[in-house]
Every structure is written in C-alpha cells, then in structure tokens.
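Q: Can you walk me through a few features of this one?

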Amino acid sequence: MVAENVITIRPSTPADAPAVRALYQRVARESGGIARQADEVTDDYVQHFLHQAHAQGVGLVAERGGQIIAEIHTYAAGLRIFAHVLGDLTVAVDASAQGAGVGRRLFESLLATVQTKFPQVSRVELTVRESNVRAIALYEKLGFRQEGRFEGRVAGMHGLEADIPMAWHAPPPTQVLQTS
C-alpha cells in the first residue's frame, strides 16, 4: 500500500480547526451530507465542538496523505442527570473517502475510546435524517438502535422528513469471577 493511501485515525486538536472547517464545508455542499449548510460551518462552530469534544468527550480525525478526510465527535451535555450520556454526535466523511470504511473505523475508534475513557457512559446518541439509509444501516451494524421518529423535523431537498434518534448502549461491564 502506498503511504499516501494509508488512513490514520488520531484525536483531534484545536490546530485541526481550519482543516476540519474545510472538510465540513465540502461535506455540507453534498446532498444528504451534514445538517448544516456550508455557510453555517463557521470558525466558532468548529472551535466550539472541537473544544467540547476535548474537554468532555471524544473527537477524532482520519487523515490520508497528511490531509484530514473525516472527523467525528461527541460530548457530554454537562448536566449531572445526563452524566451517563454522550450526544451531539456528528460525523463528516469527505466524498473521496466514502464507501472505503473510514466512517466505520471512526465510529469503532470512537466507541472503543468511550468505553475506555468514560466508563460511566452507557449511552451515545445521534440523529440521522430518514433519507440517509446508508448511514442508518451502518449505525445499526455498529450497534445503534432506532428509538423513534421526529416527524417533519428536517427540511431538505426531499421536503419535510423525519429525523431518526438512535442510541448505542455500552455493553454491561464484564463480571470478574471470584475464586474461593
């Protein structure tokens, strides 16, 4: 495999903000990409979620040839009653990397990090528009379950459509057998 085709996943940093913003703007221009429009992907928005993910959650980027081609993040709401939940999960994968397993690898790394770094977290939440059937299928393969429908919540090129809330539930901790 040629070095520039190797994809590496690492924690995001504040220095990634310009490249992440450019990624999100590219993905926002695609049909069914992310919920924001390209002009809604501001420096403040990107710096906010990178900070939140670093401070109380998980943020990861995927790089190929030194370029960020995907990003994922989730973080806690900051309220004690939701201390067991990470939400506001967003993932963006550049069109050049879609269908190559990058999104799956990011999610697997994110969920493994959640289990290691946040043992108190038992739930990771996301929402996905109903027309994004490829994403829904991937999320279900990763262990996310659909938990309802927000009818008419998303206004897009398909008219009003449902937003599907989904959640991943951490497996119960392995019980250690006591020997007498």
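This is a predicted model: local features need pLDDT of at least 70, side-chain atom pairs count only at pLDDT 80 or more; totals for chains, interfaces and linings use all residues.

Q: At what angle do H1 and H2 pack?
A: About 115°, with the axes of H1 (residues 17-28) and H2 (residues 43-56) 10 Å apart. Helices are DSSP runs (H or I, at least four residues); axes are fitted to C-alpha atoms over the stretch in contact, and angles run from 0 to 180 degrees between N-to-C directions.

Q: Which residues of H1 make the contact?
A: Ala17, Val20, Arg21 and Tyr24. Contact means heavy atoms within 4.5 Å. On H2, the partners include Tyr45, Phe49 and Leu50.

Q: Switching topic, how many salt bridges are there?
A: Ten in the whole structure, counting a Lys or Arg side-chain nitrogen within 4 Å of an Asp or Glu carboxyl oxygen. One of them joins Arg104 and Glu108, with the closest N and O atoms 3.6 Å apart.

Q: How are Arg104 and Glu108 placed in H3?
A: They are four residues apart in helix H3 (residues 102-117), so about one helical turn separates them.

Key. Residues are numbered from 1 along each chain as its sequence is written. Side-chain values use heavy atoms; hydrogens and water are left out. Helices (H or I, at least four residues) and strands (E, at least two) are DSSP runs, numbered from the N terminus.
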